[in-house]
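Let's walk through this structure together, from its surface to its core. Keep the model open beside you as you read.

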Amino acid sequence: MDIIKTLYDYFPTSVYTGSSLVFISEDWRVELKEYKNASFSANLKTIPIVRVKVFKKALNGEFLPGHYEDFQIAAVGELAAQIERYIQFSIGQNLRENV
């Protein structure tokens, strides 16, 4: 299952680029991207890793990379809730209203 496509349903204000989800506002850019564990044991089911990257707009108008966090939570609803909390605390704004 492609977790990014599933998370798209949880974040209707995001844009799906084909490989990631992007939230963008006047001052912030947030990207969600899935990373698969590149282990040789392909038979084992692993929980995908979702990396959340936060970028802040600089005075020159470019988005500068800030910090990121990796999430690895099996339940999609809980994953979405924790990602939403992380973004809100990172940018200091309500995700649903401002980004």
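**A guided look at the fold**

Let's begin with one side chain: tyrosine 86 has a relative accessible area of 17%, so this residue is buried. Buried here means under 20% relative accessible area, whereas exposed means over 50% and partly exposed lies in between, with a 1.4 Å probe and protein chains only. Please keep in mind that this is a predicted model, in which local features need pLDDT of at least 70, side-chain atom pairs count only at pLDDT 80 or more, and totals for chains, interfaces and linings use all residues. Residues are numbered from 1 along each chain as its sequence is written, and side-chain values use heavy atoms, leaving out hydrogens and water.

Now for the whole chain. Three helices and five strands make up its secondary structure, and along the sequence they follow the pattern α-β-β-β-β-β-α-α. These elements are DSSP runs numbered from the N terminus: helices are H or I with at least four residues, and strands are E with at least two. Of the 99 residues in the protein chain, 30% are buried. The accessible surface is about 6400 Å², and carbon and sulfur atoms account for 52% of that surface; such areas come from the Shrake-Rupley method with a 1.4 Å probe, and for residues only the protein chains shown count as cover.

Next, the sheet. Its five strands form an open sheet in the order S1-S2-S3-S4-S5, with antiparallel pairing. The edge strands are S1 (15–16) and S5, each of which pairs on one side only. Two strands are said to pair if DSSP finds at least two bridges between them. Strands of a sheet pair through backbone hydrogen bonds, either parallel or antiparallel.

Let's follow the strand pairs in turn. S1 is joined to S2 (residues 20–24) by two bridges, and these strands run antiparallel. Here valine 15 stands opposite valine 22 in S2. Helix H1 (residues 3–10) packs on the sheet and touches S1, S2, S3 (28–35) and S4, its direction making about 140 degrees with that of S3. Such angles run from 0 to 180 degrees between N-to-C directions, with axes that are lines fitted to C-alpha atoms, for helices over the stretch in contact. Contact means heavy atoms within 4.5 Å.

Further along, eight bridges join S3 to S4, again in an antiparallel arrangement, and tyrosine 35 stands opposite isoleucine 49 in S4. S4 (residues 49–57) is in turn joined to S5 (residues 63–71) by seven bridges, also antiparallel. In this pair, lysine 56 has leucine 64 of S5 as its bridge partner. The hairpin of S4 and S5 has five residues between the strands, and glycine 61 there takes a positive phi near 95 degrees.

What lies inside? In soluble globular proteins, nonpolar side chains tend to be buried together. The largest nonpolar core has 20 residues, of which Leu7, Phe11, Leu32, Val50, Val52, Ile83 and Ile87 touch the most other members. H1, S2, S3, S4 and helix H2 (76–91) each supply at least two residues of this core, and H2 gives the largest share, with seven residues. A nonpolar core is a set of buried Ala, Val, Leu, Ile, Met, Phe, Trp, Tyr and Cys residues joined through side-chain atoms within 4.5 Å.

Apart from neighbours within four places in sequence, leucine 7 is in contact with Leu21, Leu32, Val50, Val76, Leu79, Ala80 and Ile83. The C-alpha atoms of leucine 7 and glycine 77 are separated by 8.6 Å, although these residues are 70 residues apart along the chain.

Finally, the aromatic rings. The whole structure holds three aromatic pairs. One of them joins phenylalanine 11 and phenylalanine 23, edge-to-face, at 5.4 Å centre to centre and 85 degrees between the planes. Phenylalanine 11 lies in the loop between H1 and S1 and phenylalanine 23 in strand S2, so the pair ties together parts that are 12 residues apart in sequence. Both phenylalanine 11 and phenylalanine 23 are buried. Rings of Phe, Tyr and Trp (its six-membered ring) pair if their centres lie within 6.5 Å; planes under 30 degrees apart count as stacked, over 60 as edge-to-face and the rest as tilted.
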